[in-house]
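Here is my note on the model you sent for comment. Please read it with the coordinates open.

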Amino acid sequence: MKFLSNHVEYNVEVHGSSSSSSVLLLHGFTGDLHTWDHLVNVLSKDYQTISIDIIGHGLTGSPDYSERYTMESVCRDIVAILDSLSIEKVHLVGYSMGGRLALSFAHLYQGYVSSLVLESASPGLSTIEERLNRRVADEGLAKKLEDQGLEAFIDFWENIPLFKSLKSLPLETQNHIRRQRMNNTIVGLSNSLRGMGTGVQPSWWDHLSQLKIPVLLLTGELDEKFVRIAELMCSHIKDVQWDNILGAGHAIHVELPEKFGKIVSGFLSKIEGGKIT
């Protein structure tokens, strides 16, 4: 289904019963809502799932100006979508870029959030210098995409060290991921880098202690950078569970979908059963 928010048309899929608790799923950079298909199959038996193509991705609109892609702007869009669906509360699941968006939403609109699941995500960069350096790097990526084209950029993106563990997946799965990435556009991805990149988003490190909801952090043991980030996040969040998954890298939900689904559904069932406060 389609939702219009501030002149941007969002592509949204809803599964399960509207009488059940809701789970909102936010994908990563170069992905789309179908990255969650396996998890939707698992969760939609007990929950209503809402999967969104984030601005600049999939079948959602890709405005020409990067200012429309900021975390604050996209969080307002999510509020509009939830309000249109008459959903007051969601369990929020986000991966990588979608995890940063989920964390931003939880801070800006905590009243909408029952719990937070962050897969391979960060609260941003803590210093001005780090953020400036990242902006320069992301602008370089955006220029690379615009100068060399989508296929060349996806070739490059598939081979960065962050996704090394995906190379061990069956070729059919790797090809499926590539087709998904190739369904995006140059303008959408380049403006996502400029408007929603880690260098331009707010840093939430000093706000983590203000989270009053249960939080699940998921990392893959092979993803050393995000393991370190999760370890540090645990020292700031009051109600937190951290699972570091053996044999997985950055994209746990793709590499080990059954295990990922079992962990997430187990976490949510504890909350729904009142065992986590």
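The points below cover the basis of the model, the sheet, the helices and a few single residues.

1. Basis. This is a predicted model: local features need pLDDT of at least 70, side-chain atom pairs count only at pLDDT 80 or more, and totals for chains, interfaces and linings use all residues. Residues are numbered from 1 along each chain as its sequence is written, and side-chain values use heavy atoms, with hydrogens and water left out. Helices (H or I, at least four residues) and strands (E, at least two) are DSSP runs, numbered from the N terminus.

2. Sheet order. Eight strands make an open sheet, ordered β1-β2-β4-β3-β5-β6-β7-β8, with mixed pairing. The edge strands are β1 and β8 (240-245), each pairing on one side only. On average, neighbouring strands are turned by 20° against each other, direction ignored. Pairing here requires that DSSP find at least two bridges between two strands. Strands of a sheet pair through backbone hydrogen bonds, either parallel or antiparallel.

3. Strand β1 (residues 2-5) pairs antiparallel with β2 (residues 8-15) over four bridges. Serine 5 stands opposite valine 8 in β2. The two strands form a hairpin with two residues between them. Asparagine 6, in the turn, has a positive phi of about 50°. Histidine 7 lies in the loop between β1 and β2. Its phi is also positive, about 75°, although histidine 7 is not a glycine. Is histidine 7 buried or exposed? At 74% relative accessibility, histidine 7 counts as exposed. The cut-offs are under 20% relative accessible area for buried, over 50% for exposed and partly exposed in between (1.4 Å probe, protein chains only).

4. Faces of β1. Phe3 and Ser5 form the covered face of β1, while Lys2 and Leu4 form the uncovered one. In a regular strand the side chains alternate between the two faces of the sheet.

5. Parallel pairings. β3 (residues 22-26) runs parallel to β5, joined by five bridges. Leucine 25 has valine 93 in β5 as its bridge partner. β5 (residues 90-95) is in turn joined to β6 by six bridges, again in parallel. There, leucine 92 stands opposite leucine 116 in β6. β6 also pairs in the parallel sense with β7 (residues 215-220), over four bridges.

6. Around β6. Six of the seven residues of β6 (residues 113-119) are buried, so the strand is largely enclosed by the rest of the structure. β5, helix α3 (residues 97-108) and β6 make a right-handed β-α-β unit. Right-handed means that, with the strands pointing away from the viewer, the path from the first strand over the helix to the second runs clockwise. Helix α10 (residues 257-272) lies across β3, β5, β6, β7 and β8, and runs at about 160° to β6.

7. Serine 120. This residue is found in the loop between β6 and α4. Serine 120 has a positive phi of about 50° although it is not a glycine. At 1% relative accessibility, serine 120 counts as buried.

8. Helix α5. In α5 (residues 150-158), the buried residues are Leu150, Phe153, Ile154, Trp157 and Glu158. Seen down the axis of α5, they fall within an arc of 130°, so they line one face of the helix. That arc is taken over the directions from the helix axis to the C-beta atoms. The buried residues pack against α4 (128-148), α6 (171-182) and α7 (186-196). Contact means heavy atoms within 4.5 Å.

9. α4 against α7. What angle do α4 and α7 pack at? It is about 170°, with the axes 8 Å apart. α4 and α7 are therefore roughly antiparallel to each other; the cut-off for that label is over 145 degrees. Axes are lines fitted to C-alpha atoms, for helices over the stretch in contact, and angles run from 0 to 180 degrees between N-to-C directions. Residues of α4 in this packing include Leu141, Ala142 and Leu145, and those of α7 include Ile186, Leu189 and Leu193.

10. Valine 227. This residue is found in helix α8 (residues 224-234). Valine 227 is buried, with a relative accessible area of 15%. Leaving aside neighbours within four places in sequence, valine 227 is in contact with Thr219, Gly220, Glu221, Trp242 and Asn244.

Definitions and conventions. Parallel < 35°, antiparallel > 145°, perpendicular 65-115°, else oblique.
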